[in-house]
Amino acid sequence: MVKMLKRISKFFSVFVGLTIINVWLFRAERFTSYRGGNATNLMDEFEVYGLDDYFLIIGVIKVSLAIILLLSLYFNKLSFFASSGIAIMMLVAVYMHISVGDELIKSIPASILLISSLIIAYSAKRTK
C-alpha cells in the first residue's frame with residue numbers, strides 16, 4: 001500500500017509541477033475556455049480578479065513551488081512543503097473563480113490541481 005501511494009504521489013508531482021510550469025511559462029498568452037471572466041490570457045484573468053498588481057509575485061511563487069515539487073522526486077523532504085503551498089494557491093484560485101461568478105467548469109483545472117496536491121501532501125506525511 002505504501003509503495004502504491006508513493007507511485008501515485010510521484011505521478012501527481014510530475015503532473016502538477018509540469019502543468020503549472022506549462023500554464024505560467026508557455027500558455028500565459030493563450031486563450032483557454034477556463035480563464036476567469038472573459039479573459040483572453042493570464043494577465044487579463046488577474047485583472048478580472050482584481051489581482052493584476054500581484055501577477056508577477058503569484059507567478060514566481062507558483063512556478064517556484066512547481067519546480068520544488070519536481071525536485072521533491074529526488075529530495076523527498078520537499079514534497080510536503082511544495083504540495084501544501086500549491087494546494088493553498090489552488091484553493092485561492094477556485095475561490096477567485098467563484099467570487100467573480102464564473103461557471104463551475106472554469107474552476108475544474110484548479111480543483112484537479114488542488115486535489116492532486118492534497119494527495120501528494122497526504123502521501124508525504126503518511127509515507128515518512
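Contact means heavy atoms within 4.5 Å of each other. The legends below describe a predicted model, in which local features need pLDDT of at least 70, side-chain atom pairs count only at pLDDT 80 or more, and totals for chains, interfaces and linings use all residues. Residues are numbered from 1 along each chain as its sequence is written, and side-chain values use heavy atoms, with hydrogens and water left out.

View 1. Serine 79 lies in helix H4, which covers residues 79-99; helices (H or I, at least four residues) are DSSP runs numbered from the N terminus. Serine 79 has a relative accessible area of 7% and is therefore buried, a term that means under 20% relative accessible area, with exposed meaning over 50% and partly exposed in between (1.4 Å probe, protein chains only). Apart from neighbours within four places in sequence, serine 79 is in contact with Leu69, Ser72, Ile120 and Ala124.

**View 2. Helix H4 and what covers it.** The 21 residues of H4 reach 30 Å from the first C-alpha to the last, close to the 30 Å expected at 1.5 Å a residue; the expected span is 1.5 Å times one less than the number of residues. The buried residues of H4 include Ser79, Ala82, Ser83, Ile86, Met90 and His97. Among the elements covering the buried residues of H4 are H1, H2 (42-49), H3 (55-71) and H5. Glycine 101, which follows H4, has a positive phi, near 80°.

**View 3. The packing of H3 against H4.** Two packed helices are described by the angle between their axes and the distance between the axes. The axes of H3 and H4 come within 8 Å and cross at roughly 145°; axes are lines fitted to C-alpha atoms, for helices over the stretch in contact, and angles run from 0 to 180 degrees between N-to-C directions. This crossing of H3 and H4 is left-handed, meaning that the near helix is turned anticlockwise from the far one by less than a right angle. Residues making the contact include Ile58, Leu65 and Leu69 of H3 and Ser79, Ala82 and Met89 of H4. By class, the contact of H3 with H4 has 11 nonpolar, 3 polar and 1 charged residues; Ala, Val, Leu, Ile, Met, Phe, Trp, Tyr, Cys and Pro count as nonpolar, Asp, Glu, Lys and Arg as charged, and the others, Gly among them, as polar.

**View 4. The packing of H1 against H3.** H1 and H3 pack at an angle of about 150°, and their axes are 8 Å apart. The two helices, H1 and H3, are therefore roughly antiparallel, the term for angles over 145 degrees, while under 35 is roughly parallel, 65 to 115 roughly perpendicular and the rest oblique. The crossing of H1 and H3 is left-handed. Among the residues in this contact are Val14, Gly17 and Trp24 of H1 and Phe55, Lys62 and Ala66 of H3.

**View 5. The packing of H1 against H5.** Helix H1 (residues 2-26) and helix H5 (residues 108-126) pack at an angle of about 140°, with axes 9 Å apart. H1 and H5 are therefore oblique to each other. The contact includes Leu5, Phe12 and Ile20 of H1 and Ile112, Ser116 and Tyr122 of H5. The residues of the contact of H1 with H5 divide into 11 nonpolar, 6 polar and 2 charged.

**View 6. Alanine 110 in helix H5.** Alanine 110 belongs to helix H5 and is buried, with a relative accessible area of 9%. Not counting residues up to four places away in sequence, alanine 110 touches Met90, Ala93 and Val94.
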